[in-house]
Amino acid sequence: MEIPYTISTRPDTGLWNAKVGIWLFLASEVMLFGGLFSAYIFLRLDAQPGEWPHGLLNVPVGTMNTAILIISSVTVVLAWAALKMRRYRTYWWYMLATILCGAIFLFVKLYYEWPQKFEHFGAFIKRDKLEKYEPYLGNKHAEEKGLPPRLEISGHLHNHEALADPNIKEYEIALDPVNADPANPAMDRPHFLYMPPTEKIGTIEKEDVERISSFGPWHSAYFASYFTITGLHGAHVLGGVLVFIYMWLPVSKRLYQHNPEHLANRVEVCGLFWHFVDLVWIFVFPLFYLL
Amino acid sequence: MDASTSLPPSPGFGVTSETPRDPHAHDASHEHHELGWWRKYIFSTDHKVIGIQYGICGLIFLFFGFSLMMLMRWQLAYPGQALPVLGKWLPYFFGANTMPDGKMTPEFYNSLGAMHGTIMIFLGVVPVAFAAFGNFVVPLQIGAPDMTFPKVNAASFWAFWVGGLIMLTSFFVPGGAAKGGWTSYTPLSDISDKGPAFHLIFNGQTLWLIGFIFLITSSLLGAINFITTIIQLRAKGLTWMRLPFFVWAQFVTAFLLLLAFPPLEAAIVMQLMDRTAATSFFLPAGMVVNGAPLNISGGGSPLLWQHLFWFLGHPEVYVLILPAFGIVGEILANNSRKPLWGYKSLVFSVLVIGFLSFIVWAHHMWLTGMGSTVSAFFQTTTLLISIPSVIILSAFFISLWGGSIRFNVPMLFATAFLPMFGIGGLTGIPLAFNSADLYLHDTYYVIAHFHYIVAPGTLFGLFAGIYYWYPKATGRKMNEFWGKVHFWPSLICMNLIFMPQFLQGMLGMHRRWYDGGQGWTVGGDHVWGLTGFQWNTPISWGAWIMGLAQIPFIINFFWSIKHGEKVNDNPWEATTLEWTAPSPPPHGNFVTTPVAYRGPYEYSLPGRDRDFTMQNEPVEPTERTRRKAVEEPVLV
């Protein structure tokens with residue numbers, strides 16, 4: 001028994017089966033990421049002034065990753081076109097390029113961007129103690145400029161042991177530029193280029209701190225959304241890369257020799273998925289890095 | 001896909017499938033020896049086997065979920081008393097802390113309530129109504145050899161199976177199964193089953209979430225497969241308006257599952273993050289639990305969960321009812337020997353229901369105080385959605401008018417479906433109004449309302465479908481007498497259980513009371529001679545008797561596989577394409593590729609010697625002049 005229209009198109013719909021299937025799958029993916037992005041909007045609208053952080057992500061690196069994904073979307077189309085022209089060698093190289101792009105994207109996320117966040121700490125100051133830390137927060141300056149209040153002092157935590165040891169009464173933090181020089185108008189807006197923490201050490205008394213945590217998912221609604229959405233997106237990238245690797249391996253060459261159109265269809269379907277993953281990133285990048 | 005060519009022949013069970021008419025019979029029997037029992041019946045990719053697997057698993061889960069409720073009914077009718085006999089043995093099964101001395105603890109009661117809802121809906125009704133009937137019947141009705149993606153189909157079943165297993169496992173972890181209700185409202189479900197006594201992952205609520213991810217994956221794969229199959233694999237000449245109504249119902253259901261489940265998956269991922277990665281998606285700042293402030297970032301919103309949950313939750317209601325509509329429509333037309341009345345309006349009603357079901361979800365959240373503008377919008381859409389539902393029900397009633405009705409067992413269940421669904425639907429209208437719902441919300445009235453829709457409604461539709469398509473799966477009929485012994489007590493008990501709950505609800509009795517209302521003032525108010533609390537006793541006895549009434553069905557179901565009355569390929573003298581296939585259909589389904597020449601319900605055509613004309617019977621020249629409505633077959 002043979003299932004009809006696996007490779008050839010059905011005349012009245014003009015489609016083969018997997019193409020219908022992948023578009024339906026993408027529709028459900030739109031709803032999945034749509035749910036997560038709605039949650040982002042919902043939580044962001046609910047946030048009190050000063051509670052939604054800005055400028056904590058590395059914009060140049062994010063821009064680079066965006067470019068890498070867009071390039072991979074181009075190469076996967078070229079790979080498909082090469083198959084349609086029955087040029088397997090060209091296909092093989094373009095597929096390799098796509099796989100490498102996906103791998104670089106994941107590598108940057110997992111070995112550079114994410115770990116950096118876990119090294120970075122932020123201390124939320126109790127509302128009635130904000131004035132005491134005016135040199136770090138610069139809220140008078142912020143108020144004059146009509147900026148949201150600053151509630152958090154962030155940077156690299158020098159004395160990690162203070163987190164667990166009740167005998168240590170203070171946190172020592174190598175301050176981020178915004179807390180090192182809060183009244184400087186250059187610090188009013190997030191910067192495009194990444195600015196590492198300064199040499200200046202800020203001392204914060206434990207009892208003035210409402211909560212201290214690294215920039216992990218537990219830090220705020222912002223980082224919760226960031227890690228959940230980029231995590232799920234990363235899982236999609238990983239899935240795409242694994243499937244592409246399968247299509248690039250010699251096992252697919254056998255399918256090509258047997259039925260080249262079948263392999264071309266498979267690449268087309270996975271390419272559609274890959275474009276979708278790319279498209280999700282086109283939303284992630286401005287929402288988390290820029291806005 | 002092409003690997004499916006090397007699959008075993010026999011899809012049904014009990015009867016050998018190779019028929020002398022099958023041109024591939026020789027090949028098939030050759031491969032049959034190579035594949036063996038496991039590939040044929042367990043790890044099969046044949047849509048009929050998967051349908052039957054889904055059906056049997058779903059029925060077992062249905063009975064298990066019902067058993068949980070039968071246990072709860074003891075606590076409601078006789079709160080604090082030891083359960084006789086079973087009460088001694090259940091602690092050995094569920095754990096010592098669940099029913100010490102046969103008395104149910106409040107925690108265990110909460111677990112039973114949450115798992116009853118979860119299991120009945122997501123492991124019982126959806127698998128049977130959508131996956132089992134959809135898998136078995138839809139490809140046959142559209143004249144397809146199988147689903148478009150047989151391996152994906154098998155993956156869907158196994159994802160369901162793993163999800164079900166995880167849900168069941170959660171009963172046996174420390175602390176027991178999830179306790180937050182089937183809706184798992186936050187912040188309660190974010191903080192329950194947490195603390196030193198619980199494992200981070202292996203606790204009831206977290207396992208509930210993980211199990212759900214598998215169930216959603218299963219529905220997603222199934223839904224994609226169904227839609228693609230219906231679009232791509234319709235037989236020649238089977239145009240959209242010649243599809244049986246059941247196929248339309250499944251088509252819309254598949255779209256609901258495809259588009260409504262992912263937002264819940266998003267919510268479940270977020271709750272999982274809340275529980276395992278210390279995020280605060282659903283937790284506002286300043287939460288205090290057991291007198292101690294939680295160390296969380298806050299900034300989350302409990303209402304976000306409700307929105308995302310009900311964005312699935314309401315379409316889900318239609319996932320439960322639409323397949324039953326489809327089944328009932330088929331059986332009514334077949335047994336009244338008349339075309340289904342208003343076929344096109346039925347189809348468009350189902351489509352409108354599908355669309356509207358996405359914009360009514362907030363009527364589950366009137367108590368959250370959304371403001372009058374938002375409430376007005378959702379009240380309007382909620383009332384609008386009742387219009388297509390009423391059209392469908394009316395068309396079904398009119399279909400009966402003037403028919404020569406055969407009251408066989410499928411027809412009994414199908415006709416009982418109509419008033420039962422009617423009661424469930426009409427009692428929903430007060431809940432659609434913000435002002436009335438403020439009083440009725442979370443009372444037994446709501447329980448009675450939706451159970452009238454899914455229990456004597458959908459479940460009767462499913463029983464009707466099982467009795468109706470059983471001969472196609474096995475080549476034998478289920479016993480008529482025992483079918484009636486199953487039907488009448490079930491119908492009476494259903495009403496005995498749910499009708500008094502309307503009264504209890506109108507007294508103000510809350511749906512989640514552990515003691516059945518005994519300790520509450522409103523539980524002592526009288527209605528029809530009994531207090532609200534005392535009504536629990538007849539309701540509980542009704543539930544237990546209904547449990548007994550399922551025994552004839554279970555025995556009949558298994559006994560008839562080998563010993564039922566043997567019947568031909570079309571025992572009900574029906575018109576749709578599945579009845580042109582052999583019973584049970586071989587692998588690949590049809591002996592000759594079917595072609596459809598006419599609509600799905602050509603019953604009692606004038607001038608014919610039989611009162612049914614099957615879809616694959618060509619239009620005769622005489623007929624063409626007499627009946628202008630029968631068009632040329634559209635061949636593609």
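This is a predicted model: local features need pLDDT of at least 70, side-chain atom pairs count only at pLDDT 80 or more; totals for chains, interfaces and linings use all residues.
**Figure 1**
Chain A is divided into domain 1, made of residues 19-44, 54-117 and 220-290, and domain 2, residues 121-214. Between the C-alpha centres of domain 1 and domain 2 of chain A the distance is 37 Å. The two domains of chain A touch through 5 residues of domain 1 and 5 residues of domain 2. On the domain 1 side of this contact, 2 residues are nonpolar, 3 are polar and none is charged.

**Figure 1. The open sheet of chain A.**
In chain A, 5 strands form an open sheet, and their order is S4-S3-S2-S1-S5. The pairing in this sheet is antiparallel. Strand S4 (201-205) and strand S5 (209-214) of chain A are the edge strands, each pairing on one side only. From one strand to the next, the twist averages 40 degrees.

**Figure 2. Strand S1 of chain A and its two partners.**
Strand S1 of chain A covers residues 120-125 and is joined to S2(A) by 5 bridges. S1(A) and S2(A) run antiparallel. Within this pair, Ala123(A) has Ile153(A) in S2(A) as its bridge partner. S1(A) is also joined to S5(A), again by 5 bridges and with the strands antiparallel. Here Phe124(A) has Arg211(A) in S5(A) as its bridge partner.

**Figure 3. Strands S2, S3 and S4 of chain A.**
Strand S2 (residues 152-157) and strand S3 (residues 170-175) of chain A are antiparallel and are joined by 3 bridges. Gly155(A) is placed opposite Leu175(A) in S3(A). Between S3(A) and S4(A) there are 5 bridges, and these strands too run antiparallel. Opposite Ile173(A) stands Gly202(A) in S4(A).

**Figure 4. The two faces of strand S4 of chain A.**
In a regular strand, side chains alternate between the two faces of the sheet. The covered face of S4(A) holds Gly202(A) and Ile204(A). The uncovered face of S4(A) holds Ile201(A), Thr203(A) and Glu205(A). Gly202(A), on the covered face, is the residue that lies opposite Ile173(A).

**Figure 5. The contact between chain A and chain B.**
The contact takes 37 residues from chain A and 39 residues from chain B. On the side of chain A that touches chain B, the elements giving two or more residues are helix H1 (17-46) and helix H7 (221-248) of chain A. Of these, H1(A) gives the most, with 16 residues. By class, this side of chain A has 21 nonpolar, 10 polar and 6 charged residues.

**Figure 6. Val30 in helix H1 of chain A.**
Val30(A) is part of helix H1 of chain A. Val30(A) counts as partly exposed because 16 C-beta neighbours lie inside 10 Å, a number between the limits of 12 or fewer for exposed and 20 or more for buried. Along the chain, Val30(A) and Phe276(A) are 246 residues apart, while their C-alpha atoms are separated by 8.7 Å.

Asn479(B) sits in the loop between strand S3 (476-477) and H16 of chain B. With 21 C-beta neighbours inside 10 Å, Asn479(B) counts as buried, since the limit for that class is 20 or more. Leaving aside neighbours within four places in sequence, Asn479(B) is in contact with Asn556(B), Ser560(B) and Gly564(B). The C-alpha atoms of Asn479(B) and Val409(B) are 9.0 Å apart, although 70 residues separate the two in sequence.

**Figure 7. Helix H16 of chain B and the glycine after it.**
Helix H16 of chain B has 28 residues, 480-507. At 1.5 Å a residue this helix should span 40 Å, and its end C-alpha atoms are 41 Å apart, so the two values agree. Just after H16(B), Gly508(B) has a positive phi of about 105 degrees.

**Figure 8. Gly607 in a loop of chain B.**
Gly607(B) lies in the loop between strand S6 (565-566) and helix H18 (621-626) of chain B. Gly607(B) is exposed because 9 other C-beta atoms lie within 10 Å, and the limit for that class is 12 or fewer. Glu623(B) is 16 residues away from Gly607(B) along the chain, and their C-alpha atoms are separated by 8.6 Å.

Notes: Residues are numbered from 1 along each chain as its sequence is written. Chains are lettered from A and ligands numbered from 1 in the order in which they are written. Helices (H or I, at least four residues) and strands (E, at least two) are DSSP runs, numbered from the N terminus. The expected span of a helix is 1.5 Å times one less than its number of residues. Two residues are in contact if their C-beta atoms, placed from the backbone, lie within 7 Å. Ala, Val, Leu, Ile, Met, Phe, Trp, Tyr, Cys and Pro count as nonpolar, Asp, Glu, Lys and Arg as charged, and the others, Gly among them, as polar. Domain bounds come from an automatic or database domain assignment. Two strands pair if DSSP finds at least two bridges between them. Axes are lines fitted to C-alpha atoms, for helices over the stretch in contact, and angles run from 0 to 180 degrees between N-to-C directions.
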